[in-house]
Amino acid sequence: MSTSVQRFSPYINGVMMEPSSGKFFQRFDPGDKGNMIALVGDGSRDVGAAVDAAREAFDGDRSGWVSDYRLRARVLLRAADIVRERASELARLESLFTGKTIRTSRLGDIPRTAEILEFYAGAADKLLGYSQQLRNGDVTVLLRQPVGVVAAITPWNFPLLILARQTAPALAAGCTVVAKPATITPATAIELAKILEKAGAPPGIFNVVTGPGETIGAELLKSPKIDVVNFTGETTTGKMIMQNAASSLKRVVLELGGKNPNIVFEDADLEQVANAVTYGAFANNGESCAAGSRLLVQRNVRKKLVEMVSNKIRGLRVGYQLDETSDLGPLVSQQQMEKVLEYVAAAFSEGLDVVVGGRRLSGGVFDKGFYVEPTLVDQTPPTSKLFREEIFGPVLTVTEFENEEEAVALANATVYGLAAGVWSNDSRKAMRVAEKVKAGTVWVNTYYTLPVEQPWGGFKESGIGRNNTILALEHYLEWKGVYIDTQKGPMRPYYGIVLGQKQS
Ligand code: NDP
């Protein structure tokens, strides 16, 4: 399929400009790798201009963005409407660049993006502080003020959704933004900038720098003009971000990797489990930090559940991402496909039981892109690298457990702690396990539903801080205490500490 080549370049102060480097990266369709779909400007030399634009828009507040919460609410609400109006175009763009199926974008990413914008539109005029009258009659007023300029560094798997999740609360709080999307998926970040502007955001409020993380990310982290960094991506990159942010003591929010268990007890409704496990492991081609990539099953029902899930997997249709009938699309890049295939090869070399899948797909459309069979690996021991490491692709491992205690121990036998599922018809048991699993989100008798009303973030090496919900606003607000003296006369009891009794 041939598509016209679009250009995506740094978007600064309301204008998409030519990159100062003069350089462009080529982006090819992951489902049809001979088809160039975009030229992405290398904005490595444009970081300073983007940061200055955001800084000026914040510090000068000539547009009223920082002070006028109704303006911010209106902009976010209108932006949500525009996302909905442009839903099919945005869904197509998102799928084309990422390889996620068009149904994923249309039914998931795009409507959820609109909901996030809408949610924080409603928060913009509710950033309440509080006050207290003190014993001596004085008053202390706690104001909540926006922190300043926020750098949002985002990955390639949910380019628009994650960017909205990171920046809508920042905008609602009155901050301004410099976004750095993944190099290979810049399109919808630029579109979001245009949408916000059309919705009434003044220039400079939301800037985007396209291009490589190594240079652009490093510049953003070095800049003393950035106050907060919200990063979503790999744990190793996250650690580096935290180190670099320390030089100017920026606030850091990190959403990192996951190796999420679905814990299934024998009393669960297995038909529902089989659907949810298949969905949770293979949604977004398995290229999701929330993927339920480890199935932990109680011994008595393992064989039955493996058979049920395997049958579901056999029924999945892998195909071109813009084809309405595809359940899974191509992986995002050759590099990602090779990484996933290495894990599959390790399953074979470790002598594990690859029940379904295990190959790169070939023939017809498959030869044109990065298509991998959805794969199930049974009886995966906790020592296996497939059990421990984030694969970030369509690979599900199965491990059995004897009892509740062992289930919790297996679930927690990872450096990650992002999400988990617990399946049981015994609600007390489900709650006990939910409490013991070290994860930021635990789904009970369901998996991978993530409305903006649900906090998102991880324990352990899955990150720091929470996005979504009103909790996210905290990252972008400062508390300021204003003490107001209400008393008459020149002296106060505490001045006496220095001035002495004679002067009172
Ligand atoms: P990366 O960490 O490689 O990249 C994420 C972003 O950081 C990209 O924009 C990248 O730019 C940029 N970047 C790369 N190097 C640096 C650097 N040195 N300094 C600053 N920025 C840098 O992650 P991926 O894009 O590969 O995304 C996959 C990962 O994201 C997975 O591990 C996944 O678990 C995690 N993730 C976590 C989520 C969560 O909610 N916890 C949600 C989604 C993904 P460039 O594109 O140029 O490399």
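Student: How are α4 and α5 oriented to each other?

Tutor: In this predicted model, α4 and α5 are roughly parallel to each other (an angle under 35 degrees). Local features need pLDDT of at least 70, side-chain atom pairs count only at pLDDT 80 or more, and totals for chains, interfaces and linings use all residues. Residues are numbered from 1 along each chain, and side-chain values use heavy atoms, without hydrogens and water.

Student: At what angle do the axes of the two helices cross?

Tutor: The axes of α4 (residues 102-121) and α5 (residues 159-173) cross at roughly 5 degrees and come within 9 Å. Axes are lines fitted to C-alpha atoms over the stretch in contact, with angles from 0 to 180 degrees between N-to-C directions; helices are DSSP runs (H or I, at least four residues).

Student: Which residues make the contact?

Tutor: Among them are Ile116 of α4 and Ala168 of α5 (contact: heavy atoms within 4.5 Å).

Student: Now the ligand: how far is Lys180 from an oxygen atom there?

Tutor: A polar side-chain atom of Lys180 lies 2.8 Å from a ligand oxygen atom. For Thr183, the side-chain N or O atom is at 2.4 Å, and for Glu255 at 2.5 Å.

Note on methods: Angles under 35 degrees count as roughly parallel, over 145 as roughly antiparallel, 65 to 115 as roughly perpendicular and the rest as oblique. A polar contact is a pair of N or O atoms within 3.5 Å; within protein, one must be able to donate a hydrogen and the other to accept it, and residues adjacent in sequence count only if both atoms are side-chain atoms.
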